[in-house]
Amino acid sequence: MTDYYPPWGFYYRVAFSCSQSRNDVRFQTVSGLSVEYDMEEFMEGGENRFVHKLPVRTKYADLVLKRGMLTDSEVIEWCLRAFRDREFMPTDITVSLMNEKSEPLRTWKIVQAIPKKWVVSDLNANESSVVIETMEISYRYFTIQ
């Protein structure tokens, strides 16, 4: 029996169903893989020691992806169609945490994603840094495999 060690968080892949480009899977950071319940408080008459909290609906955080800016990207074209033309085409996204053999350890299937925000980092002649683009994406829910 071998001891368990938690996986490293730096080896992962992001795949958009709307893109077949190899460059569109490379992201510097992925955040927002979280889920929580909205709770409704219910006060029972005669019970003054506590308030009942009941789960109402599930709420998923926005997915935030960051990477060095690409000048030719199907994912950015997908974003621009939404922002420029108001043409929203929901797509699925897969985020896979990989092991050292390039096999998925855990996979998040993000369903019906649409772009919410796109930000390009500041351009500054006093720094020699990579231009970073940040995408904030809303979605319905995710499943874990």
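A: First, a cut-off we'll need: a residue counts as buried when its relative accessible area is under 20%, and as exposed when that area is over 50%. Thr 134 comes in at 18% relative accessibility, so it counts as buried. Keep in mind throughout that this is a predicted model.

Now to the core itself. The largest nonpolar core has 20 residues, and the ones that touch the most other members are Val 14, Phe 16, Ile 93, Ile 110 and Ile 137. At least two residues each come from strands S1 (12-16), S5 (63-68), S6 (91-98), S7 (104-120) and S8 (132-138), and from helix H1 (74-85). H1 is the top contributor, giving four residues.

Beyond its neighbours within four places in sequence, Val 14 is in contact with Asp 24, Val 25, Phe 27, Val 30, Leu 65, Ile 93, Thr 94 and Val 95. For a sense of distance, take Lys 66, which is 52 residues away from Val 14 along the chain: their C-alpha atoms are 11 Å apart. Ile 93 is the other one to look at.

H1 runs for twelve residues and spans 15 Å from first C-alpha to last, close to the expected 16 Å. Its buried residues are Val 75, Ile 76, Trp 78, Cys 79 and Ala 82. They sit on the same side of H1, because they cover an arc of only 155° around the axis. As for what they pack against, that's S1, S5, S6, S7 and S8. The two ends of H1 are worth a glance too. At the start, a side-chain oxygen of Ser 73 comes within 3.2 Å of the backbone nitrogen of Val 75. After the helix comes Arg 86, with a positive phi near 55°.

Trp 78 turns up again among the aromatics: ring pairs join Phe 16, Phe 27 and Trp 78 into a cluster. The whole structure has six aromatic pairs. One of them is Trp 8 with Phe 10, which counts as tilted because the planes are at 45°, with ring centres 6.2 Å apart. Trp 8 is exposed, at 67% relative accessible area, and Phe 10 is exposed as well, at 63%.

Thr 134, the one we began with, lies in strand S8. Past the residues up to four places away in sequence, Thr 134 touches Val 64, Leu 65, Lys 66, Lys 117, Trp 118 and Val 119. Thr 107 is in strand S7 and has a relative accessible area of 11%, so it is buried too. Its side chain makes a polar contact of 3.4 Å with the side chain of Ser 96. Not counting residues up to four places away, Thr 107 touches Thr 94, Val 95, Ser 96, Thr 143, Ile 144 and Gln 145.

Terms used: Residues are numbered from 1 along each chain as its sequence is written. This is a predicted model: local features need pLDDT of at least 70, side-chain atom pairs count only at pLDDT 80 or more; totals for chains, interfaces and linings use all residues. Side-chain values use heavy atoms; hydrogens and water are left out. A nonpolar core is a set of buried Ala, Val, Leu, Ile, Met, Phe, Trp, Tyr and Cys residues joined through side-chain atoms within 4.5 Å. Buried means under 20% relative accessible area, exposed over 50%, partly exposed in between (1.4 Å probe, protein chains only). The expected span of a helix is 1.5 Å times one less than its number of residues. The arc is that of the directions from the helix axis to the C-beta atoms. Contact means heavy atoms within 4.5 Å. A polar contact is a pair of N or O atoms within 3.5 Å; within protein, one must be able to donate a hydrogen and the other to accept it, and residues adjacent in sequence count only if both atoms are side-chain atoms. Rings of Phe, Tyr and Trp (its six-membered ring) pair if their centres lie within 6.5 Å; planes under 30 degrees apart count as stacked, over 60 as edge-to-face and the rest as tilted.
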